[in-house]
Amino acid sequence: SLDAGLIKAPLAQTDPEAWLEKHLAERRRPEGGAGETQHQNGRTYRYRHGRTTEGGLLIAQYDITEQKRYEAQLQESEQRLSAILNASSASCVIVNADGRLDFVNDRAVEIFGHSREEMIGRSPAMLYWDQADRAELLAEIRAEEEIHNRAIVMKTKSGQRIDGLLTVQPLEFSDGDKWVNWLYDVSDLRALERDLLEAKAI
């Protein structure tokens with residue numbers, strides 16, 4: 001492959017002997033190793049190597065081209081999704097499998113009053129008015145129950161109440177399954193409803 005110029009690594013193209021020596025040194029290590037290489041034909045391979053009990057060298061290589069293509073397509077889709085979410089008039093946060101905020105759109109920053117840096121990597125628990133509501137939602141999510149336009153009370157950084165309608169949807173990303181949380185702020189509508197009820201009671 002090296003003689004035929006099939007290896008796409010920059011060092012293999014500019015200095016084949018140095019590339020070969022580097023890889024031979026890696027393969028001589030008793031603990032073995034692993035890596036990826038891309039050929040000029042566009043195929044990508046992942047390899048593992050290690051020593052056998054008899055002192056020989058065992059190398060396993062498999063084609064991961066389709067996996068890489070799928071990952072690239074998924075990342076491109078995620079970039080488009082991020083642009084769409086940031087243009088939304090609804091607050092949107094994405095929670096990863098560790099229960100941490102992985103994405104926060106512009107509207108969420110505006111509504112909750114936290115900066116994006118203050119939210120990313122944190123638990124969404126800080127956004128809930130009542131932690132019992134969050135516990136109930138988590139139980140339903142684990143039971144794979146649908147959450148659509150659920151009336152919920154959230155809170156801003158300053159502690160102000162937010163009346164909202166929450167929708168939670170699972171979605172597959174390149175780095176695992178996550179949960180997309182949409183929140184529509186209906187605080188003004190709820191305040192108007194309360195004012196009307198008070199006026200009727202007079």
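How much space lies in the largest pocket? In this predicted model, the largest pocket holds about 400 Å³ of space, where a pocket is an open set of points on a 1 Å grid over the protein atoms alone, in which a 1.4 Å probe fits, with protein on both sides within 12 Å along at least five of seven lines. Its volume is the space filled by probe spheres set on the points, which are joined across faces, edges and corners.

The model is predicted, so local features need pLDDT of at least 70 and side-chain atom pairs count only at pLDDT 80 or more, while totals for chains, interfaces and linings use all residues. Residues are numbered from 1 along each chain as its sequence is written, and side-chain values use heavy atoms, with hydrogens and water left out.

**The pocket lining**

The lining, made of residues with an atom within 4 Å of a point, has 22 residues, and V95, P124, L138, I141 and N181 are the closest to the pocket's centre. By class, 16 of the lining residues are nonpolar, four are polar and two are charged; Ala, Val, Leu, Ile, Met, Phe, Trp, Tyr, Cys and Pro count as nonpolar, Asp, Glu, Lys and Arg as charged, and the others, Gly among them, as polar. At least two lining residues come from each of β4 (91-95), α6 (131-142), β6 (147-155), β7 (161-173) and β8 (176-185), and α6 gives the largest share, five residues. These helices (H or I, at least four residues) and strands (E, at least two) are DSSP runs, numbered from the N terminus.

**Helix α6**

With twelve residues, α6 reaches 17 Å from its first C-alpha to its last, close to the expected 16 Å, a span given by 1.5 Å times one less than the number of residues. Its buried residues (under 20% relative accessible area, with a 1.4 Å probe and protein chains only; exposed is over 50%, partly exposed in between) are R134, L137 and E140. Seen down the helix axis, the buried residues of α6 fall within an arc of 125°, so they line one face of the helix, the arc being that of the directions from the axis to the C-beta atoms. They pack against β6 and β7.

N181, in strand β8, is buried at 11% relative accessibility. Beyond its neighbours within four places in sequence, N181 is in contact (heavy atoms within 4.5 Å) with residues including S91, V95 and L166. L189, in helix α7 (residues 187-201), is partly exposed at 44%.

| Pair | Apart in sequence | C-alpha to C-alpha |
|---|---|---|
| N181 and P170 | eleven residues | 8.9 Å |
| L189 and D163 | 26 residues | 8.8 Å |
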